[in-house]
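Me: I have a chain open here and would like to talk it through with you. Could you keep the answers plain and spell out the cut-offs as we go?

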Amino acid sequence: VQLQAYGGGLVQAGGFLTLSCAGSGRTFGSYAMGWFRQSPGKERVFVSGIGWNGSPYYSDSVKGRFTISRDNAKKMVSLQMNSLKPEDAAVYYCARSVVAGSQSPYDFGSWGQGTLVTVSS
């Protein structure tokens, strides 16, 4: 199973962007899905996740600004990012997990190639 993240781009601080992640396979809806981000020279960190039943959870840094959703019929996960800050700039990755509620990248797999988000101040 390969996940494809897309939708990144250049946006001004305070702006918004929506990332999407396309999955495949009949078991897509059985997995929790997550978004992570990685800046140059830094570790990959958790941004947001959503359980197989649609229950969302967020890192403190994006809570209240980002919204994650999923459409199992379309095998898609989206991340609506509002009020973007320069510190949100990174390569964003989507991945899947069998561990409900996990924020650890070690619990996630099938990483896509990532999509770059640049936020200008």
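Me: Where is the place of Ser110?
Reply: Ser110 sits in the loop between β10 (108–109) and β11, where strands (E, at least two residues) and helices (H or I, at least four) are DSSP runs numbered from the N terminus. The model is a predicted one, in which local features need pLDDT of at least 70 and side-chain atom pairs count only at pLDDT 80 or more, while totals for chains, interfaces and linings use all residues. Residues are numbered from 1 along each chain as its sequence is written, and side-chain values use heavy atoms, with hydrogens and water left out.

Me: And what is phi of Ser110 near?
Reply: Phi of Ser110 is near 55°, which is a positive value in a residue other than glycine. Most residues other than glycine have a negative phi. Ser110 counts as partly exposed because its relative accessibility is 23%; buried means under 20% relative accessible area, exposed means over 50%, and partly exposed is in between, with a 1.4 Å probe and protein chains only.

Me: Let's step back. How many helices and strands does the chain have?
Reply: The chain has zero helices and eleven strands, so that reading from the N terminus gives β-β-β-β-β-β-β-β-β-β-β.

Me: Why does the radius of gyration agree with a compact globule?
Reply: For 121 residues a compact globule would have a radius of gyration near 14 Å, and the chain has 13 Å, which agrees. That radius is taken over C-alpha atoms, and the globule rule is 2.2 Å times the number of residues to the power 0.38. Along its principal axes, the C-alpha trace spans about 40 × 25 × 25 Å.

Me: What share of the residues is buried?
Reply: Buried residues make up 42% of the 121 residues in the chain. As for contacts, meaning heavy atoms within 4.5 Å, residues 24 or more positions apart account for 56% of those with a separation of 6 or more.

Me: Which residues have the most contacts inside the largest nonpolar core?
Reply: Those are Trp35, Phe66, Val77, Leu79, Met81 and Tyr92, in a core of 24 residues. β3 (17–22), β4 (32–38), β5 (45–50), β7 (66–71), β8 (76–81), β9 (90–97) and β11 (115–120) each supply at least two residues of this core. A nonpolar core here is a set of buried Ala, Val, Leu, Ile, Met, Phe, Trp, Tyr and Cys residues joined through side-chain atoms within 4.5 Å. A second, separate core has five residues, including Phe36, Phe46, Tyr57 and Ala95.

Me: Which residues does Phe66 touch?
Reply: Leaving out residues up to four places away in sequence, Phe66 touches Arg37, Val47, Tyr58, Leu79, Gln80, Met81, Asn82, Leu84, Asp88 and Tyr92.

Me: Is Cys21 buried or exposed?
Reply: Cys21, which lies in strand β3, counts as buried because its relative accessibility is 0%. Not counting residues up to four places away in sequence, its contacts include Leu3, Met33, Trp35, Val77 and Cys94.

Me: Last one, where is the place of Arg26?
Reply: Arg26 is in the loop between β3 and β4 and counts as exposed, at 86% relative accessibility. Arg26 and Asn72 are 46 residues apart in sequence and 9.7 Å apart in space, C-alpha to C-alpha.
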